[in-house]
Amino acid sequence: MRVKSKWHKTQVKTIEDIGGAMAFICWRITKNHLEDLINEGFVIEKEQVFDVIAEYLCFLIQSIDRLVFKTLSTEQRQELINKLAKQSAFYYQENKTERIGEGNHWKSFVNTYNQRSQDYSDYDFIGNEPDYRFLRYFGEKIKLVMTNIDEKWIVQQMVEIQAPKAFKKIAQSVDDLVSVNKITSKEEQIKRKKEKIPRSKRKSTRSDLQ
C-alpha cells in the first residue's frame, strides 16, 4: 500500500484524503520507531508491542491536532482527527488480530485514545512544538508498558530522542499534506466530479476549428 505524503499545492483534497494519508504515515512512523527502540537494545515483548504502538499513535494524533489548529476550521479539524482515530483503530485491529489473535482490539485502542486525548489536553505546545511536559507524559506512558529492565532509561530516551524525532517527521508531513490550494468536503468533491464535462465533450478553444 502506497500513500503520498506530499501533494502538489494546486490540488484540491478532502479531509478524508488528508486523514487517510496521515493515518498511514503515523502507522509507518510508529513501526520505524519500534525498530529504533529494539536496535537501541530495549526489550519489547510480544504482548507489549501493541501497547507501545497505541501510545505512539495517540501521541502523533494529538500532535497533529495541535499542528492543524490554525490551518483548518474547527469543523475540518474535528473531521480530520475523527478520521485519523478511526483509521488508526482499523490498522490496530487488523495488525493485532494478525499478530496476537482475535479480539475487540478496536475498542481497546479507542478507549486508550479517548483517555490520552483528555490527558494530553493538560499540556501545551510552545512555538508550535510540544513542551517538555507533553513529551514527558508520552515517555511515562511508554515506560508503563515496557519491561522493568528498561524503566530506568526509557523516559529519557523518549523525551530526548524518540519523541522529538517522531514529532519532526509528522510535522513535516502535516505541512505537506494541508498546504494544498483547497480543502473541500467529500460531498463537494463527488458533486464536482458528477458535473465535470468529459474532455471528449468539451468545446474546442481553437479558433481554426470553430
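1. A cut-off to begin with: a residue is called buried when its relative accessible area is under 20%. In this predicted model, D65 has 15% relative accessibility and therefore counts as buried. D65 sits in helix α2. Setting aside neighbours within four places in sequence, D65 is in contact with R77 and I81.

2. What do the side chains of R77 and D65 form where they meet? They make a salt bridge, with N to O at 2.8 Å. R77 belongs to helix α3 (residues 74-99) and D65 to helix α2, so this pair ties together parts 12 residues apart in sequence. Both R77 and D65 are buried.

3. The count of salt bridges comes to 4. One of them joins D36 and K165, whose closest N and O atoms are 2.8 Å apart. Since D36 is in helix α1 (residues 15-39) and K165 in helix α6 (residues 154-178), the pair links parts that are 129 residues apart in sequence. D36 is partly exposed at 21% relative accessibility, and K165 is partly exposed at 45%.

4. R136 also forms a salt bridge, with E140, at 2.9 Å between the closest N and O atoms. These two are 4 residues apart in helix α5 (residues 132-145), so about one helical turn separates R136 and E140.

5. Finally, the helix packing. The axes of α2 (residues 46-67) and α4 (residues 105-120) come within 10 Å and cross at roughly 45°, so the two helices are oblique to each other. Their crossing is right-handed. Contact residues include L57, F59 and I61 of α2 and F109, Y113 and Y120 of α4. The contact comprises 8 nonpolar, 3 polar and 3 charged residues.

Definitions and conventions. Residues numbered from 1 in each chain as written. Predicted model: local features only at pLDDT ≥ 70, side-chain atom pairs only at ≥ 80, totals over all residues. Heavy atoms only, no water. Axes fitted to C-alpha atoms, helices over the stretch in contact; angles between N-to-C directions. Parallel < 35°, antiparallel > 145°, perpendicular 65-115°, else oblique. Left-handed = near helix turned anticlockwise from the far one by under 90°. Contact = heavy atoms within 4.5 Å. Nonpolar A, V, L, I, M, F, W, Y, C, P; charged D, E, K, R; others polar. Buried < 20%, exposed > 50% of the residue type's maximum accessible area, 1.4 Å probe, protein only.
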